[in-house]
2 protein chains.
Amino acid sequence: MAQILNGREVVDAVNERLRAEVLLLKEKGITPTLGIIRVGAKVEDVSYEKGAIKCAESIGVDVKKYLFKESITQEQLLNVIAAINLDLTVHGVILFRPLPDHIDDNTIRKALLACKDVDGITDQSMAGVYTGTDLGYPPCTPRACIEILDHYGIDITGKTVAVIGRSLVVGRPAAMMVLEKNGTPVICHTKTEDMETICRNADVLIVSAGQAKAIGAEYLSEKQVVIDVGINMTEDGKLCGDVDFEAAQSIVKAITPVPGGVGKVTTSLLMMHVIDAAKKTI
Amino acid sequence: MAQILNGREVVDAVNERLRAEVLLLKEKGITPTLGIIRVGAKVEDVSYEKGAIKCAESIGVDVKKYLFKESITQEQLLNVIAAINLDLTVHGVILFRPLPDHIDDNTIRKALLACKDVDGITDQSMAGVYTGTDLGYPPCTPRACIEILDHYGIDITGKTVAVIGRSLVVGRPAAMMVLEKNGTPVICHTKTEDMETICRNADVLIVSAGQAKAIGAEYLSEKQVVIDVGINMTEDGKLCGDVDFEAAQSIVKAITPVPGGVGKVTTSLLMMHVIDAAKKTI
């Protein structure tokens, strides 16, 4: 049976490190603070926000909420961001997207300072993750994948890592982070031919296919480590990943469960970015 | 014997298209103009510059040269860039790098407007190539690789494309462009394990290994298309690529020669970017 890569265990280790860092910052008079900008009240946004606040509290990070009705104008939202950019007491910002149709996503993204972009939405953060330089922040989800590998001592140097999905929030940044770790990324997507063979030959799979149980036995092999980024709801109302967990468990070497895997780690990485942004203000 | 993917043939086709576009622009009173900033007089810079000017002349693109001694200060160079940014008659800029040690590369890169960054050195251009959006310009060399594939009708949709090398001027942008073409990129590098097998299993190789004849028969297979980005000098003073051309020729389906392959096409792509930048000013 596969080793279970337990998100909770990673969170505990990361949060312990972060608590110590927050204490040091507070001794210097700095309380790392996350700004949350939410327009409207989508169920998933509110749910993520609750998780983030809980995580922040447990680490000692402050949260400032900027909540608006869907009717907020683009200009008003730009003013909010401009104020946050100038506010030395807010170190990092997340902004729930997609925004309402009357607000231009590009204009809003451009307004945020890269040094406060702890969720990797600005062009500078994109350039940073692409070039492997310290510019802005990468998105939290792919960084959570790498953190899980690191926590369990899984060295990907030289290894083939098949990344399934090419989105800007998971697939592409994950591939770039794999490269930074000296792994060999293969970016697979819906058009990829013979993805089964490519995946079976890979040492690690990072799966963000966006479809419940899309990755079954035919993609898997015994020496593999599988990181499942997917979060889907089954017909009977249970959460499941993009990997067929039951099938995978009896084939691969190690796998993250859903729930309790990558998703759990993501908010801790967000806090890591906020704390890093706070440190850089010293 | 492998089909030879002839750079000259691609150049002729691209330049013909570009000449027609320049004529249309000139009818509107716009002469696409490339600014060349050169500090010092390195042999390879001067040689590239000559090639670019020749290519520009044959297409009808104007060139303005900004030539400086190595003693130019950072501030002076920043002033030059600021003036070019404001100059509506210069549509695109290339800047030979590395710059002298007393000039900070990052500061200079940041100073250039992305809309004039026809050689893809700004963060915005990096973000553009990474996200696949129309922001700045990609570097010319990887775009030349894609242009060669396009010219010869080689459709990489779904195909595995092994990119050898992970630099910001070739490997990474080439991988991102492969993705935009719906190919499946594998980014290989010096730490990659069993690169021979990865390459043999790939449908296309884009080779930027930085070493003469580094890629021999053990990396090649018969259905492959090989794009050789390398330019090296052999002991007897001849140019050669990163692929062992003699070995490859009797194995693979198609290959670019060196000289006469990718290198030839690069300056035409630079002109394509300048013309595009000029069009956008309308």
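A:Y130 is buried in this predicted model, since its relative accessible area is 0% (buried means under 20%, exposed over 50% and partly exposed in between, with a 1.4 Å probe and protein chains only). B:Y130 also counts as buried, again at 0% relative accessibility. The model is predicted, so local features need pLDDT of at least 70 and side-chain atom pairs pLDDT 80 or more, while totals for chains, interfaces and linings use all residues. Residues are numbered from 1 along each chain, chains are lettered from A, and side-chain values use heavy atoms, with hydrogens and water left out.

Now for the rings. Searching the whole structure turns up three aromatic pairs over all chains (rings of Phe, Tyr and Trp, the last by its six-membered ring, with centres within 6.5 Å; planes under 30 degrees apart are stacked, over 60 edge-to-face, the rest tilted). One of them joins A:Y130 and B:Y130, with ring centres 5.7 Å apart and planes at 35 degrees, so this pair is tilted. It crosses between chains, from helix α5 (residues 123-131) of chain A to helix α5 of chain B (helices are DSSP runs of H or I, at least four residues, and strands are runs of E, at least two, numbered from the N terminus).

As for the interface, chain B and chain A bury about 2800 Å² between them, 58% of it on carbon and sulfur atoms (the accessible area, 1.4 Å probe, that two parts lose on being put together, summed over both). B:Y130, B:R172 and B:L179 supply 25% of what chain B buries against chain A, more than any other three residues. In contact terms, 32 residues of chain B meet 32 residues of chain A (heavy atoms within 4.5 Å). Four salt bridges span the interface (a side-chain nitrogen of Lys or Arg within 4 Å of a carboxyl oxygen of Asp or Glu). B:R172 also forms a salt bridge with A:E180, at 3.3 Å, N to O. On chain B, α5 (123-131), α7 (171-180) and β6 (184-188) each give at least two residues to the side that touches chain A, and α5(B) has the largest share, six residues.

Within chain B, the rings of B:Y48 and B:F96 have centres 6.0 Å apart and planes at 85 degrees, so the pair is edge-to-face. B:Y48 sits in helix α2 and B:F96 in the loop between β4 (92-95) and α4 (105-111), so the pair ties together parts 48 residues apart in sequence. B:F96 is buried at 11% relative accessibility, whereas B:Y48 is partly exposed at 27%.
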